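Here is a short report on a two-chain model.

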Amino acid sequence: MIITRALTITCILASLACLLGGFAAAGYWMAAPVAVAPALIMLLARKFPSSWLPTTSLILSTCLAAVGILSGARPFLLALGAITALASWDLALLENSLEAGQPQHAGLFENRHLKSLGLAIGLGLVVVGAGSAIHFSLPFGVLVLLVIFILICLDRLVDARVHQR
Amino acid sequence: MNHKTITLLLIIWGLLLAALLARNSDLAWLALPFFIYLGTGLWQAPMSNSLRLQATRTVKRTAPQGENAREIEVQVTVSNQGSPIGNLYLKDVLPNEAKITAGRASQRTALPGRADALLSYSIQEKRGSFGWETIRAVASDPFGLFDLEVALPAREGVQVQPEYGQYRRLPLRPRGTLHSPGSIPARLGGNGTDFWGVREYHAGDSLRWLDWRLTARHPQHIFTKEFEQEEIADVGLILDARQKTDVQRLAGGDSLFEHAVSAAASIAEAFLHEGHRMSLLAVNGNAKAVFPGYGKVQLNRMMRLLSQIKTGSNSQADSLEFLPLHMFSSHALLVVISSLTQNDWALFPRLRACNYQVLLISPNPFDFVSQMFGQDSVSRLAIRASRLERLLLLRDIAQLLIPVIDWHVDQPLYPLIRQALNQSFVRE
């Protein structure tokens, strides 16, 4: 429980730092106060975890990262901000279920969750790192086809999984 | 799909769409961590064929039946016979109107293979029969993205009996008794403790009971002392469960009928404990009966009916006048528990005509709901008139030599029954 709490706050602060750093590096000082908003919302969400505040904070962070990337800021820091926002969203919800449910096998529940989260976030960081290191350009048509392919795969995968169960 | 999954899918699709519209590949890269998060959840989501959960339920009362037995402790053990489940949400479906007093009826937990999860809570239930069928189990991946919901069968039932008081011995003196050894003086000579009379010796009489003095005075004759036989009584309970005779207090939802049921349960327990034969007829539009019987088995039968009985109405059998009395023997003592309406008077001449001994316990509805009445002059006059009507009805019934108890339900019933029975014996 303590680990989850510490990790939540760390991730909130890391997200804030990354977003601020991303905007500051691009010289968008005006965007800095807006970048603080998701962190504040997430801190507030820890008091009202069953509300829509954690989700709002995640969407806001992702939107800020997307806007920053579109504005020409460094994508690595902003993507890092989005990833840590995703982690803080997940951890805030985990903290809520641990507090509200008082699970019997709480240690196991927390460990499995944190391991899975570590795996997902670690892989995400690797992908983002690889994306910032490797630069190649794709024709727009190929990109469109790739996105459509990913969307269809995603849809089919979720659908198949749901039907299989 | 739950709201977490929907949020992630919206973010991924939004980012990919924005990447397409803006022709920016970095945005598409930004969607990948979310995609990986979703994929990790999907990879670890439980499959229906690997889910082997079993649930067992135990239900027990925290107090013996009748004595504040409405607190029920429920324990549900869910055991996992399959692979470990990272995220399992258990929720028990409560019976109607149940109020949890301790513990929780839901829990989120992780369940290793061959391990158990325990769900424990206490509920407070009203009188009645209640049953649990299933427990809802939602297994999902550690992130809680892809749910697999199953209903695990865990059947159990519980019967909440009406509260009843432990009455001491009631002074019964019925006109007729059943020829089984009991505690009621039967007005017959035989084996007993109280002296009854003397008769001529019959072959087989015990020599211990010879009246030596009388025998000495009458040569050639031998006399034997006789004692009053003690036998059991036959008691019938008639419980009025018609909706029109029930009233409810607004505060707390207290019902007059519940008091009548408690009184019936107390009387049944007291008489059966003394060894008498008892039967029960509950009238709620339809007649529901427990035929005459003895002992604990009969008490259980009667308590079962008293637990389940609800008030009801039937326009075709709205009066007590045509009650099916054939289930009661002709020498039975009938205890009628009813708050009565004006049309019910006709029952009592009929009971007397059938030569039944009758005791009427009438819970007072006006006293019960007195706080709900308006204080204006019209209301007060109406209440006064109704009280007078009721008083006259009870007086008419009393004139048939039927002991009547006008019971204010906040008063203890036992002394009133005792007094009424004593007075009726004196009168007879």
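**Fold of chain A**

Chain A holds 6 helices and 0 strands. Helices here are DSSP runs of H or I of at least four residues, strands are E runs of at least two, and both are numbered from the N terminus. The order along chain A reads α-α-α-α-α-α. This is a predicted model: local features need pLDDT of at least 70, side-chain atom pairs count only at pLDDT 80 or more, and totals for chains, interfaces and linings use all residues. Residues are numbered from 1 along each chain as its sequence is written, while chains are lettered from A and ligands numbered from 1 in the order in which they are written.

Of the 165 residues of chain A, 36% are buried. Buried means 20 or more other C-beta atoms within 10 Å of the residue's own, exposed means 12 or fewer, and partly exposed lies in between; C-beta atoms are placed from the backbone.

**The interface**

Contact means C-beta atoms, placed from the backbone, within 7 Å. By that test, 43 residues of chain A meet 42 residues of chain B. On the chain A side, H3 (53-70), H4 (75-101), H5 (106-133) and H6 (140-164) each supply at least two residues. H5(A) gives the largest share, 12 residues.

H5(A) has 28 residues and spans 40 Å from first C-alpha to last, close to the 40 Å expected at 1.5 Å a residue. The expected span is 1.5 Å times one less than the number of residues. Its buried residues include A:Phe109, A:His113, A:Leu117 and A:Val128.

**The cores**

A nonpolar core is a set of buried Ala, Val, Leu, Ile, Met, Phe, Trp, Tyr and Cys residues joined through C-beta atoms within 7 Å. The largest has 60 residues, and B:Leu237, B:Ala264, B:Ala268, B:Leu334 and B:Val335 touch the most other members. Helix H4 (residues 256-273) of chain B gives the most to this core, 12 residues. Leaving aside neighbours within four places in sequence, B:Val335 is in contact with B:Val235, B:Leu237, B:Ile267, B:Leu359 and B:Ile361. Another core lies apart from it, with 57 residues, among them A:Leu16, A:Ala65, A:Ala66 and A:Leu86.

Note on methods
Two residues are in contact if their C-beta atoms, placed from the backbone, lie within 7 Å.
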